[in-house]
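I wanted a quick look at the pockets in this model. Here are my notes.

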Amino acid sequence: MQDFTTFICYRLKSTVKRVEKHIGQALDDYGVTMAQSFILFSLLEKDGCTLTEIGNRAQIDNSSLTTMVDKLEKEGLVERRLFAQDRRVVNLYLTEKGRELGKKVYNSGAELNAELRAELAARETEFYGDLEDISRILDQKKA
């Protein structure tokens, strides 16, 4: 029997756990989780998104997203506003405090990303290609 720790999926999960732990420790200084930071980043890119748009962009399930947004709103980082043309639609906006924190967190993430990219350097394109191949293979298995 093959050692399961050599399985590609195990190796991916193990690496993701390390990344999440490292980033989580850095984000503790800012008082947000990685998923919450993705919400802030989405709003930095396009303030006033709907929760659905943010969930799709940040790859967060709607059930989890609502709870995270509640916490961000309680901390004064975001605010919900009803869409004037359709009051069933809620748009999310950064507050000034949220924008400042989002930029700090983004810059911290950008630093780590630059370090990783520098280490991968010549292999970066191949690395991304491999990740896309894995996604494509798994997506084909669903069909």
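**Pocket notes**

I started with the largest pocket, whose volume is about 1,600 Å³. For my own record, a pocket here is an open set of points on a 1 Å grid over the protein atoms alone, where a 1.4 Å probe fits, with protein on both sides within 12 Å along at least five of seven lines; lining residues have an atom within 4 Å of a point. Points are joined across faces, edges and corners, and the volume is the space filled by probe spheres set on them.

I then looked up who sits closest to the centre of that pocket: Val 19, Ile 23, Phe 38, Asn 113 and Leu 116, out of 38 lining residues.

This is a predicted model, where local features need pLDDT of at least 70 and side-chain atom pairs count only at pLDDT 80 or more, while totals for chains, interfaces and linings use all residues. Residues are numbered from 1 along each chain as its sequence is written, and side-chain values use heavy atoms, with hydrogens and water left out.

Next, the helices (DSSP runs of H or I, at least four residues, numbered from the N terminus). I found that α1 (8-28), α2 (34-45), α3 (51-58), α5 (96-120) and α6 (124-142) each put at least two residues into the lining of the largest pocket. α1 gives the most, 12 residues.

I moved on to the second largest pocket, which holds about 170 Å³ of space. Its lining includes Tyr 30, Gln 36, Leu 72 and Lys 104. α4 (62-74) and α5 each supply at least two lining residues there, and α5 has the largest share with 4.
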